[in-house]
Amino acid sequence: MKHPLLPLSETMHYILLALREPLHGYAIMQKVERMSEGTVVLAAGTLYGAVDNLSKHGWIEPMPGETGRRKVYRITEAGVRVLEMERRRLLHVVSLYETEAKP
């Protein structure tokens, strides 16, 4: 299954990884920055654009029963499958560093 959003952008990849536990927007921003060791710092507009896109594709969803301003999101089964496809793709790429002839 080839999806137009695959391969994932670095931002979307980190957001999906962060949402393996339910989080609200600001907590997602903090976790992504921590996970990336400070190399990915999400602006609010970038985060919410990505959240909207990921939601539209059914890869994340608001937690049931959430009301109020702070929505808590979680990854869906479809999102977990996308992460697994990306994990396999990236492992294959990394394996090429190890197996291909060196210059």
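Modeller: Let us start at the surface of this predicted model, where V93, V94 and Y97 make a nonpolar patch of about 300 Å².

Biologist: Why is V93 called partly exposed?

Modeller: The relative accessible area of V93 is 34%, and the term covers values between the limits of 20% for buried and 50% for exposed, so V93 is partly exposed. This residue belongs to helix α4, which runs over residues 77-99.

Biologist: What makes H13 buried?

Modeller: H13 has a relative accessible area of 15%, and buried means under 20%, so the label applies to H13. H13 sits in helix α1, residues 10-18, and, once its neighbours within four places in sequence are set aside, its contacts are L8, L83, E86 and L90.

Biologist: Which residues of helix α2 are buried, and what do they pack against?

Modeller: In α2, residues 25-35, the buried residues are G25, A27, I28, M29, K31 and V32; the buried residues of α2 pack against α1, against β1 (23-24) and against α3 (44-56).

Biologist: How do you know that E37 is exposed?

Modeller: Exposed means over 50% relative accessible area, and E37 reaches 74%, so E37 is counted as exposed. E37 is placed in the loop between α2 and α3.

Technical notes: Residues numbered from 1 in each chain as written. Predicted model: local features only at pLDDT ≥ 70, side-chain atom pairs only at ≥ 80, totals over all residues. Heavy atoms only, no water. Helix = DSSP H or I, 4+ residues; strand = E, 2+ residues; numbered from the N terminus. Buried < 20%, exposed > 50% of the residue type's maximum accessible area, 1.4 Å probe, protein only. Contact = heavy atoms within 4.5 Å. Patch = residues over 30% accessible without salt bridge, like charges linked within 9 Å, V, L, I, M, F, W, Y side chains within 5 Å. Areas by Shrake-Rupley, 256 points an atom, 1.4 Å probe, with all protein chains shown as cover. Salt bridge = Lys/Arg side-chain N within 4 Å of Asp/Glu carboxyl O.
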